[in-house]
Amino acid sequence: MPQAFFKAITLAPIVLFVYHRPEHTKQVLNALALNPLADQSILYIYADGPKKDSSADALANIAKTRSVIRQEQWCKEVFIIEADTNLGLANSVIKGVTEVVNKHGKVIVLEDDLLTSKHFLQYMNDALNVYETEQQVLSIGALNFFATDKQVPDTFFIPIPDCWGWATWKDRWQLFEPNPQLLLNKLREKGLIEKFNLYGAYNFESMLIDQIKGNVSSWAIRWQAVAYLENKLSLYPRNSVTKNIGFGADATHGGTDNYSKKIKFAVKKIKIEKQSVTENPTIINKMIVGYAMVNQPSGIARTKLAIRSVSKGLAPAFLSKLYRKLHPHPQNKSMWQGNYTSWDEARKLCSGYEDPVILNKTKEAILKVKNGEAAAERDSVLFEHPLYNEAITSHLLKFAHENNDRLNVVDFGGSLGSTYFQNKDLIPDNINFSWNVVEQQHYVETGNKEIADDKLHFFYSINEAVNRNTANVLILSSVLQYLEKPYAFLDEIIAYNFKYIIIDRTSFTNEPTDRLTIQNVPVDIYEASYPAWFFNNEYFKTNLTRHYTILHEFKSDVIDNLVLDDGTNVYWLGYILERKQHD
């Protein structure tokens, strides 16, 4: 059999770093030994030495730990390297990984607080073999707490390398730079700090500065800086193959365990299929939100920060681009024309919304979002950044918490789920939610056949949606202005007794009366035109407040004041409404 075949299936050596936690170390070794490939693998155990001022208890624990690592034949071969003095975790890892990877060409790395799934070694070795020649892959990660829902693929790539169970190759580890000041300077020179800090979700820059000052000793923050500077990615599994048991008083990492409840431990083999080494925007959004959620106080404030973190990098250039794409400058031909006296008059001059071309283009776009090929969709236009609205998402979370972590939404006129896909990644896993879009017949049929999932459903009427799911929130996003009789519709929905109504992206004017126009969609989106209202804001709010209290008013998207061809000022607002108690 060709020699190349034997090289391809060679198992990577494992290197484990231990110090003075005998019970943790024993748990880690017992779990590792349960891996089917353990009896075919080489294990190197680096045991750090005592500090100069070590107490008697510390010395005793070091001795106990060294006794534990000799208790069993944990793998096919076990090599123990004991330090006479204390190197510290960072120096131990750098030294040990370098020695082992230089000898074997690849390495799997564990510390004394990482329990492994019995599928850990298979996953690591498969991934190392599959991506060995892919130079853009820096490392293989093991623990995922930020992207665990069913829509996430079995494996995916992100910029941050893992430190809680990982693997790499000799040529990739040679990129490691020990000088933190040099790394920080290069990150700043290349304008990568904002991205490095996950757009405000986690202040990794401060960790690098603490490394420079000597306040911390971390190999991981330096390895992470290398990943960003070299523009390399790390592979992660949806279901984790390690668990960190090291939080507590004697923990290496310290702090509170905000992670364990968020991970899903692998209970079966993770299939490794070679995929394009690219960042998935949906996963990146989940990562940013996940880090923000574990790094901030609990509750709505944490959710708000996560939303800000994801959207922070959008302004102002991206938002300006979005504005121009969806709302052309008034110096060009205006999207809104005329001041019509009746709906019938305007409708006769419009092509309408029923053209199959619109549906097909919208479907193609939303499927790209669903499959992680784009971050967001609106009116069939795809965007590489998410389109979050902090007011909407934070209130959805508030309403869910008030309802025992249950959220049932009716999204009237919700197309093929645009608002659902914009918000679903910000809704924590512990919230049981259902999103029910009410649309035209051809949208419902397409939606249920090709777009729906375990949370997203499509219905022909509000009545049908409410009968299926007892909804507590109604969303009206950019829909009221396209109804022939919007005020009559508002009167009709009172009977459904929604506790909350969210109105978004609705067009207004300060002119004395409502204005009826024809909206022309830019031809680079699709060819269509339809009647569209601009509501007198005061009259509109008067109708709302007969049965609902306005909790919050906000500007929608980036749309501020716009001047129509005849000089009329128009703008877009959103409202969060709560049903009055006496109703």
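Modeller: A residue is buried under 20% relative accessible area, exposed over 50%, and partly exposed in between. This is a predicted model.

Biologist: Is Asp171 buried, partly exposed or exposed?

Modeller: The relative accessible area of Asp171 is 33%. Buried needs under 20% and exposed needs over 50%. Asp171 therefore counts as partly exposed.

Biologist: Which residue forms a salt bridge with Asp171?

Modeller: The closest N and O atoms of the pair are 2.7 Å apart.

Biologist: How many salt bridges does a search of the whole structure find?

Modeller: A network of salt bridges links Asp149, Lys286, Lys424 and Asp425. Over the whole structure, the number of salt bridges found is 23.

Biologist: How many residues apart in sequence are the parts that Asp113 and Arg21 tie together?

Modeller: The side chains of Asp113 and Arg21 meet in a salt bridge, 3.5 Å from N to O. Asp113 lies in the loop between strand E4 (106-111) and strand E5 (114-116), and Arg21 in the loop between strand E1 (14-18) and helix H2 (22-33), so the pair ties together parts whose separation in sequence is 92 residues.

Biologist: Are Asp113 and Arg21 buried or exposed?

Modeller: The cut-off for burial is a relative accessible area under 20%. Asp113 and Arg21 are both buried.

Biologist: Which residue forms a salt bridge with Lys195?

Modeller: The closest N and O atoms are 3.5 Å apart. Lys195 sits in helix H8 (residues 193-196), and its partner, 84 residues apart, in the loop between strand E10 (242-244) and helix H11 (281-295). The partner is Glu279.

Biologist: Are H15 and H18 roughly parallel or roughly antiparallel to each other?

Modeller: Helix H15 (residues 356-370) and helix H18 (residues 441-451) pack at an angle of about 30°, with their axes 11 Å apart. Angles under 35 degrees count as roughly parallel. H15 and H18 are therefore roughly parallel.

Biologist: Is the crossing of H15 and H18 left-handed or right-handed?

Modeller: The contact is made by Ile358, Leu359, Thr362, Lys363, Ile366, Leu367 and Lys370 of H15 and by His442, Tyr443, Thr446, Glu450 and Ile451 of H18. By class, this contact has 6 nonpolar, 3 polar and 3 charged residues. The crossing of H15 and H18 is right-handed.

Biologist: What is the phi of Ser478?

Modeller: Ser478 is found in the loop between strand E17 (473-477) and helix H20 (486-493). At 17% relative accessibility, Ser478 counts as buried. Ser478 is not a glycine, yet its phi is positive, at about 50°.

Biologist: Where is Arg505?

Modeller: Arg505 has a positive phi near 50°, in a residue other than glycine. Arg505 counts as buried at 14% relative accessibility. The place of Arg505 is in strand E18 (residues 500-509).

Biologist: How far apart in space are Ile272 and Pro237, C-alpha to C-alpha?

Modeller: Ile272 lies in the loop between E10 and H11 and is buried, with a relative accessible area of 15%. Leaving aside neighbours within four places in sequence, the contacts of Ile272 include Tyr123, Val130 and Leu235. Ile272 and Pro237 are 35 residues apart in sequence, and their C-alpha to C-alpha distance is 9.2 Å.

Key:
Residues are numbered from 1 along each chain as its sequence is written. This is a predicted model: local features need pLDDT of at least 70, side-chain atom pairs count only at pLDDT 80 or more; totals for chains, interfaces and linings use all residues. Side-chain values use heavy atoms; hydrogens and water are left out. A salt bridge is a side-chain nitrogen of Lys or Arg within 4 Å of a carboxyl oxygen of Asp or Glu. Helices (H or I, at least four residues) and strands (E, at least two) are DSSP runs, numbered from the N terminus. Buried means under 20% relative accessible area, exposed over 50%, partly exposed in between (1.4 Å probe, protein chains only). Axes are lines fitted to C-alpha atoms, for helices over the stretch in contact, and angles run from 0 to 180 degrees between N-to-C directions. Angles under 35 degrees count as roughly parallel, over 145 as roughly antiparallel, 65 to 115 as roughly perpendicular and the rest as oblique. A crossing is left-handed if the near helix is turned anticlockwise from the far one by less than a right angle, and right-handed if clockwise. Contact means heavy atoms within 4.5 Å. Ala, Val, Leu, Ile, Met, Phe, Trp, Tyr, Cys and Pro count as nonpolar, Asp, Glu, Lys and Arg as charged, and the others, Gly among them, as polar.
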